[in-house]
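Trainee: Before we discuss particular side chains, could we look at the chain together and take the questions one at a time?

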Amino acid sequence: ESKSSFVAQLSKHVSSLENLELDVPRMVAMNGSFIKIVSIDVDTTSLMKLLQEMSSKDEDLTRHLKAIGVVESNNSDDKIAGGTLVKEPHATMAHYSQLSQIEMRSRFGNVVDKEVRLKVSACLYGDTNVALSVSLPKSIEGEIPVALPTSENKYPHITVWFAEGSE
């Protein structure tokens, strides 16, 4: 009988939790939704211009980008040359497998919607991917500078293209 009483009480408490709302500061346009990644989003047009500029100074890079269709792609489809052109390029700061939802919100919440200047140090490319190695600033410029939390990614980068079967 005590087991039945316990289950009934537990059910009552669980059903009361369904309507519970946490008072979370407005940090993200996520409104409490599940966060898969925290990232610095990059403008695709600017990224492609930078790639064209970099390739104009490096014949091997030019050949590679042309071979996979990255530089000359006017295709609105993200599938090109046996791979995928990243439609929403970004530098990943944290992934849900690395930090809890609470940690992501508390560490990165104060930098949401802030403009971050990334420095591109190299274009890394091969048969399976094209990526830009980036360095992250210690703080975000503004009227009041804000510290940029350290990335969980050991090698910060922006993936531009990846071959089928790779990520």
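Mentor: Let us start with a definition: a residue is called buried under 20% relative accessible area, exposed over 50%, and partly exposed in between. Keep in mind throughout that this is a predicted model.

Trainee: Which residues are linked in a network of salt bridges?

Mentor: E59 forms a salt bridge with R63, the closest N and O atoms lying 4.0 Å apart, and the two are separated by about one helical turn because they are four residues apart in helix 3 (residues 59-68). R63 also meets D60 in a salt bridge, at 2.5 Å from N to O, with both residues in helix 3 and three residues apart. The network therefore joins, by the salt-bridge rule, E59, D60 and R63.

Trainee: The side chain of S55 reaches the backbone oxygen of which residue?

Mentor: S55 has its place in helix 2 (residues 44-55), and with a relative accessible area of 6% S55 is buried. Leaving aside residues up to four places away in sequence, S55 touches L61, T62, L65 and V71. The backbone oxygen that the side chain of S55 reaches, at 3.0 Å, belongs to Q52.

Notes
Residues numbered from 1 in each chain as written. Predicted model: local features only at pLDDT ≥ 70, side-chain atom pairs only at ≥ 80, totals over all residues. Heavy atoms only, no water. Buried < 20%, exposed > 50% of the residue type's maximum accessible area, 1.4 Å probe, protein only. Polar contact = N/O pair within 3.5 Å; in protein donor to acceptor, adjacent residues only side chain to side chain. Contact = heavy atoms within 4.5 Å. Salt bridge = Lys/Arg side-chain N within 4 Å of Asp/Glu carboxyl O.
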